[in-house]
Amino acid sequence: MMTVGDRPTADEETPAGGMISFVGAGPGAADLITLRGARRLAEADIVVWASSLVPVEVLAHAHARAVVHDSASMTLEDVLAVYDANPRAAIVRLHSGDPALYGAIQEQIDWCLANSRPFEIVPGVSSLGAAAAAVGRELTVPGVAQSVVVTRLAGRTAASVPAAESLAAFAATGCTLAVFLSAARPHALQQALLAPPSTYTVDTPAAVVVRASWPDEVVVPTTCGQLAEALVATGATTTVLVLVGPALDGAGGRSHLYSPGFAHAHRRRSALGSTAGRPARP
Ligand SMILES: C[S@@+](CC[C@H](N)C(=O)[O-])C[C@H]1O[C@@H](n2cnc3c(N)ncnc32)[C@H](O)[C@@H]1O
């Protein structure tokens, strides 16, 4: 049995035979997969792909001879059986967005470690970034919100959400929330965001982003008080990300990083108010 530390790692260019690559497919647009992710797909003998979360267009990066399994109707045991039956194959397990977020990869990693199977994780563009891009906002506005919490409403899998991680508890800080996996319960979501000790009000800005980066992407700017109605109006219950928090207002201070009066390792402070075009001092 291996530990994470001594497991075989993939060569950046060519994965070893038998390697299982957990690849982030990105949010949906076929050109938002990483170059490395696309290369792994092109080299894969077997692709395990979640049709419910990753558009079929992303499979265009795979070789025509690759055997494709749709994990939408498979259990974890079914997926592990594919890994087990193909010890020499280059396998890509394609996860939506970035595999580290709600990717259910930990149980697969545990299987790889227990079975001395080499694996790697190829990061992807999360729907978090794609949703923020669709809305056209920065999620960390100086003086307004400097933290983003990736979270979800406790639903059918309530037991997997620790008690201290309620939406209202996070909302009490005034940070930006990125709420995954919660669109099927719009009224419960709105209620949870406004419950004590939340500092959000009915006027706190929110945005509903359906299928960010897909051809039929939908963006609905709204408020906490109108959120349930906005969600219901989209008719979507899956592939929806809800962004909430004062940062979505678009108002706020400017970043110190690019302020002429703020020196750092790559740029000295300017008494004239601008350092444009000047070489940085060591
Ligand atoms: C199982 S989670 C996977 C999240 C993924 N690992 C990521 O980084 O985006 C699926 C949830 O992610 C969100 N999601 C994934 N892709 C999305 C997209 N293109 N647009 C909006 N939300 C998306 C939705 O909340 C969806 O219910």
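Strand β1 pairs with β5 in the parallel sense over four bridges. The model is predicted.

**Burial of β1**

- Five of the five residues of β1 are buried, so the strand is largely enclosed by the rest of the structure.
- Both faces of β1 are covered: I20, F22 and G24 are buried on one side, and S21 and V23 are buried on the other.

**Aromatic pairs**

- The count of aromatic pairs comes to three.
- One of them is the tilted pair of F22 and F119, at 6.2 Å centre to centre with 55° between the planes.
- This pair links distant parts of the chain, with F22 in strand β1 (residues 20-24) and F119 in strand β5 (residues 119-122), 97 residues apart.
- F22 has a relative accessible area of 0% and is buried; F119 is buried as well, with a relative accessible area of 2%.
- Y83 and W111 have ring centres 5.8 Å apart and planes at 55°, so their pair is tilted.
- Y83 is buried, with a relative accessible area of 0%.
- W111 has a relative accessible area of 14%, and because buried means under 20%, W111 counts as buried.

How values were computed
Residues are numbered from 1 along each chain as its sequence is written. This is a predicted model: local features need pLDDT of at least 70, side-chain atom pairs count only at pLDDT 80 or more; totals for chains, interfaces and linings use all residues. Side-chain values use heavy atoms; hydrogens and water are left out. Rings of Phe, Tyr and Trp (its six-membered ring) pair if their centres lie within 6.5 Å; planes under 30 degrees apart count as stacked, over 60 as edge-to-face and the rest as tilted. Helices (H or I, at least four residues) and strands (E, at least two) are DSSP runs, numbered from the N terminus. Buried means under 20% relative accessible area, exposed over 50%, partly exposed in between (1.4 Å probe, protein chains only). Two strands pair if DSSP finds at least two bridges between them.
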